[in-house]
Amino acid sequence: MTHGAENFYKSDRVTVQAVTFKTQYQMTVAGSLITPKNLAPGAKAPALVVGHPMGAVKEQSATLYAIKMAEQGFVTLAIDLPFWGGSQGEPRNAVAPDLYAEAFSAAVDFLGTRPFVDRERIGGIGVCGSGSFILSAAKIDPRLKAIATVSMYDMGAANRDGLNHAVSVEQRKQMIAAAAQKRWAEFEGGPVEVAGGTTLQLTSDTDPIQREFYDFYRTPRGEVTPPGASRERTTKPTVTSNIKFMNFYPFNDLETISPRPLLFISGDQAHSKEFSAEAYRRAAEPKELVWVAGAGHVDLYDRVDLIPFAKLTRFFQQHLAV
């Protein structure tokens, strides 16, 4: 097990309750509502919605973050994005950035109608892909008062341009054309194919980034196969829907979130650090960019010895204060 990794962290200081609620489009979202056991009767606490990495489920990273922040006095809600985990949506593993963003707003609907939550003090945390989804939500939902991202992937740019702009426009067009061709077969009843995500086996040719993801998603460190799913398809989006990311621009108009505060956290060794740097550059004040020394991308999924929970706590205590 990787040093410090505690993806399946448990706490006797919080209560975890499985919940469901509807989005604006009447799709059911599954979540884990986590409340501090020391919450005073009649009190209204600040709350946080927490989103998991792209291709993951709420039991991977999101629940860890939610429990840790609940220990600090926040009511938290870890959610499964639509089409993933326990949330509704067919085909499974479909990509729908607008519906992912809507899930965060629906989570605010749910949290803000709990009698023990102060609806004027709701924020959120997005890990990996959810960093871009919660920013997309926050641009049009000012009820999200403070937002933090961790190891953020801009899923739009990552699919359009690749890491470090390694994908050319011509290559992008080829991917779009190939996915469009597959739609014919799906329309006529053919199987819904999945691709990408985390490799199922390591080989001598497996690149370092895939090895990093494999260590989390394909080992007891973080592996989860939701009921009704198969290990072979976990983390892997459907081929034809993944193209939706080409039209996803979460950093456009990012400055309009101001004056609500943004906190970007990334490892200084993360292969994804370009996305946090670019979001910080385009955001307006107040904003903060925190580099975690020595941390890679996946390290901040579950390595509690590296994740700056104290920084997250101070950020939300300051910006969700009464």
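Modeller: Happy to! Let me start with a term: a residue is buried when its relative accessible area is under 20%, exposed when it is over 50%, and partly exposed in between, using a 1.4 Å probe and protein chains only. Helices (H or I, at least four residues) and strands (E, at least two) are DSSP runs, numbered from the N terminus. This is a predicted model, in which local features need pLDDT of at least 70 and side-chain atom pairs count only at pLDDT 80 or more, while totals for chains, interfaces and linings use all residues. Residues are numbered from 1 along each chain as its sequence is written, and side-chain values use heavy atoms, leaving out hydrogens and water.

As background, an α-helix has 3.6 residues a turn, so residues three or four places apart point the same way.

Gly 156 counts as buried because its relative accessible area is 0%. Not counting residues up to four places away in sequence, Gly 156 touches Phe 245 and Phe 248. Phe 251 is 95 residues from Gly 156 along the chain, yet their C-alpha atoms are separated by 9.3 Å.

Next come some backbone points. Most residues other than glycine have a negative phi, and most peptide bonds are trans. Asn 164, in the loop between helix 4 and helix 5 (169-187), has a positive phi near 55°. It is exposed, at 59% relative accessibility. Cys 128 also has a positive phi, near 55°, but it is buried at 4% relative accessibility; its place is the loop between strand 5 (117-127) and helix 3 (129-140).

The bond joining Ser 258 and Pro 259 is cis, with omega about 10°, and Pro 259 sits in the loop between helix 7 (239-242) and strand 7. The bond from Glu 90 to Pro 91 is cis too, with omega near -5°; Pro 91 is in the loop between strand 4 (75-79) and helix 2 (97-112).

Arg 221, in the loop between helix 6 (208-217) and helix 7, is buried at 5% relative accessibility. Its side chain makes a polar contact of 2.6 Å with that of Asp 215, and another of 2.6 Å with that of Asp 302. A polar contact is a pair of N or O atoms within 3.5 Å; within protein, one must be able to donate a hydrogen and the other to accept it, and residues adjacent in sequence count only if both atoms are side-chain atoms. Lys 58 lies in the loop between strand 3 (45-51) and helix 1 (62-70) and is buried at 9% relative accessibility. Leaving aside neighbours within four places in sequence, Lys 58 is in contact with residues including Ser 32, His 52 and Asp 80.

Definitions and conventions. Contact = heavy atoms within 4.5 Å.
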